[in-house]
Amino acid sequence: MPEAQTPMAPPPMNEYLPPAWSAEHVEDGDEEPAEPKSFERTTSPRSNQRNRGTAYDTVGVDGINKLHKFSLYETSHRFYLVGADVMDMHFRVLKIDRTAPPGHLNVFEDEIVYDRKDMNQLLNTIDDGNKGTGGMKLKCVAWGLLGFIRFTDAYYMLVITKRTNVAMLGGHYIYQIDGTELIPLTTGSSSRFAKDRNPEEARFLSILGNLDLTRSFYFSYAYNITRTLQQNIIRERKARNEGRQFPHHDFNDMFVWNHYLLEPARAALKNTYDWCLPIIYGFIDQASLDVFGRRVYMTIIARRSRFFAGARFLKRGANDLGYVANDVETEQIISDLLTTSFHAPGPRLYSNPTYTSYVQHRGSIPLYWTQDNTGVTPKPDIDLNLVDPFYSAAAFHFDNLFERYGAPVYVLNLIKARERNPRESKLLHEYKRAIDYLNQSLPDGKKILYKAFDMSRASKTRGMDVIGSLETIAEDVLQNTGFFHNGDLEYDSPQVQNGVARTNCIDCLDRTNAAQFVIAKRALGRQLQALGVIAGKTVEYDSDAVNIFTYMFHDHGDTIAIQYGGSHLVNTMATYRKINHWQSHSRDMVESFKRYYHNSFLDSQRQEAYNLFLGNYVFAQGQPMLWDLTTDYYLHHTDPREWPVKKRKDYIHWYTPAHLEPRELPPCTFLVPQNRGEGTKEYDDYWLEYYRPLALSSLAKVFTFKLNSTPRTVPEKVSSNTQYDMSPFRPRKHPNESEHPEKKLPRKGVTILDPHSEEDSAHTGSSVAAASRPQSALGDMSPAKQSILRDPHFEVGGIHSSATLTNSSTFKPADKTQMTQWTLNEFHQNSLNPSVTTGEASEYERYISHPLNLPLVVSTELPDDFTNMDFVEYVNSVGGERDDRGWQVGEEELAEYAEFLTIAENPLTVSEEDGEKKRYKRYRQWLRGKSLFKQSKVDPEYKT
């Protein structure tokens, strides 16, 4: 009996990839096009036959809940939103009613999961049923749904039409929004609705258009970008240890900028986040570090808070709930991509030890202060306009920081301490008093750490090392807060970050970004050490690793500055390191003017867009319109009508004790059963999202392959040089310095013309040219002219020092009486060949002949052997005896002296008789209009 043969499995075929997409995808530069392709419908008879043996899955079975692409179809009465997974294998349908009355949103969520054939049959059936009213048409194709919004009439649906890969974490991609579309949920065509809508509706739409959703908005399908890596790992581990397959959707509402748009979806949908994507506003960038073939990824994620959000001068300080202006959380994730996912071998879920992170915080000073920008002053005065003896706003703010990051909170205050007209310094003292008051109630070891550093004054002080001072502060910060390092206690040495560094200046832009970079650079060294990449815990400036990190942090600061201030950074790290180019001064002036222009003319429009998109303003009948409000103060503060029912917080015990508990990494006790062949697919399906099987056409198009890396920073002329050190941690020379100093070209001679002598100018040019040429041998040079400052017996062996080598045949000492008119070359030549005049030589001879021991002059008697005539003249002058000329005084001088000793009745009054006297000579000249003081040649009154 022949042996039973094992049935052969059919070869894998990509029958889910649309035929028209393959050729275009190969020519495209990315793995996926920026714009999605719609669901490919077919009308063949075979596809319309019902598959009677199909067993339909429902939502939640085998983890089928992540939709990556959407096709929106419309009929005369409904919208059909068809969602597909990453492989275009499973589909779901969302039905939206277009005939609902104004103010109502009717959405039906179909929980059945269809395959491609059944989905095609369902769409054809809907099309056939609507043939009488025009059938079903494709409205648009989208990458995601942001939510629903309403102004005065109907609802709108906001969808993502374009996206771009910006980062990858744990096998999950993070995208930036590049295109959106706002679709009205009304009957009829959109063009007719645009003509018939009321003027208020059109103005609300124009205000919303001032918010550019295609810049700095990010989303991810599987990774929670609203929380830090440490929080995500802790949440996932807790869920597994509690027996839950997935953690609950626990997005940080503080950073979900479409929170207001998601409220109608949460009320209408059962599985809101299967369809809608939370987005953050901030900055995300990722770069690759090549360490001799070992790939290390550096990722920066900045999340801007949606609370008390606004433009620079319009949002200052804090509101009554403790939310501050320009609140940004910055996280740096350093990972070693030996394995892609967050899981360790085993598999031990979410225990990969190759992931580290560090979190910082920036925000305005949590006090009640404002600045009035209605005038034309670039720097308006600062007003502390509300007295709060218990510092309730600061208490709410720091309690929120304890809840998010733990204790301690290290406050780095960079505002000015000394000013001619106090502006920032007023906040300095008030902020210090607030922290001292709050620290009275905190337990030991949990108190707020405060450090004030006048960074602006230090950068302008000669000899002050700003970066060195910040490095010392950064080391202190890292020792108090630590950083996060994932891992398993049984195999690794994991640690968590407890506390955060809170940095601020007056705007939280330029100085804050530079200080945060120094702290981030310090943390980068510790993270690389924890990953085993470097032996020490610091990385040097001007190395490839720090240069790439500097570019990323500079882009991060520019983006944050544009969002809040309207322009790029004015002062960068190059400014504080004093290595900036001379052209940067003009750039700083341009950026300062742009910031002033935006603050004066455009910030109010941007503030209205923020208030409308975030739901701070909601239209209501009988209430003033958004553009009629004189201030948006009550849109960002608690309604005064709620004050009586609002529970006040304890002024002494202002903090929540549970928030001060140290963060701990849960143990990895849950292991995937070994009998499951699919590994971690049931818990974290990163494989299909990252590797895209049956869709990848070229490794060169993979996002991680195209990341910025250190080999691209190596100059092309030295790429093939084997002596070039390819280590990304070796400090490189500044671009202005030569890489090989021994090969530096000689500087060209510069001729400085003497305006008084053409011969000397020609001689000067020749001497400079001779000095610029290299000296071939010492024998060509002869000793310089001898002088009293150079004695031949000091020259050893006839070899002269380099300072005395010059061409004596061409050197001619210059006239020292004309020293003020010497050329630069004459100064140089005469300094190398010092000489003295005859008068200087005689004076020096007289000086050295003076006796060293002089007798004390107590009488007029002279020693017998004393011949120094200067001393004899001095003794005679002291004794009052002179030669024949003697001390003879005339009668006129004696009479004048006696009259001088006589005090008149009015000594300050000058009479006519006094005018002829000698001592009133200057007074007589002054009466004629001359100055009382001696005139110099540069004085215009000289010799007039």
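Trainee: Which residues of H6 are buried?

Mentor: Start with the term. Buried means under 20% relative accessible area, exposed over 50%, and partly exposed in between, with a 1.4 Å probe and protein chains only. In H6, the buried residues are Leu229, Gln230, Gln231, Asn232, Ile233, Ile234, Arg235, Glu236, Arg237, Ala239 and Arg240. That is 11 of 13 residues, so H6 is mostly covered. This is a predicted model: local features need pLDDT of at least 70, side-chain atom pairs count only at pLDDT 80 or more, and totals for chains, interfaces and linings use all residues. Residues are numbered from 1 along each chain as its sequence is written, and side-chain values use heavy atoms, with hydrogens and water left out.

Trainee: What do the buried residues of H6 pack against?

Mentor: Contact means heavy atoms within 4.5 Å. Helices (H or I, at least four residues) and strands (E, at least two) are DSSP runs, numbered from the N terminus. The buried residues of H6 pack against strand E13 (328-336), strand E14 (355-362), helix H9 (392-405) and strand E19 (484-485).

Trainee: How many Å should helix H6 span?

Mentor: Take 1.5 Å times one less than the number of residues. H6 (residues 229-241) has 13 residues and should span 18 Å; its end C-alpha atoms are 18 Å apart, which agrees. Gly243 follows H6, with a positive phi near 90°.

Trainee: How many residues of H14 are buried?

Mentor: The count is 16 of 22, so H14 is largely enclosed by the rest of the structure. Gly566 follows H14, and its phi is positive, near 95°.

Trainee: At what angle do H12 and H13 pack?

Mentor: Axes are lines fitted to C-alpha atoms, for helices over the stretch in contact, and angles run from 0 to 180 degrees between N-to-C directions. H12 (residues 466-481) and H13 (residues 510-530) pack at about 55°, with axes 9 Å apart. That makes H12 oblique to H13. Under 35 degrees counts as roughly parallel, over 145 as roughly antiparallel, 65 to 115 as roughly perpendicular, and the rest as oblique.
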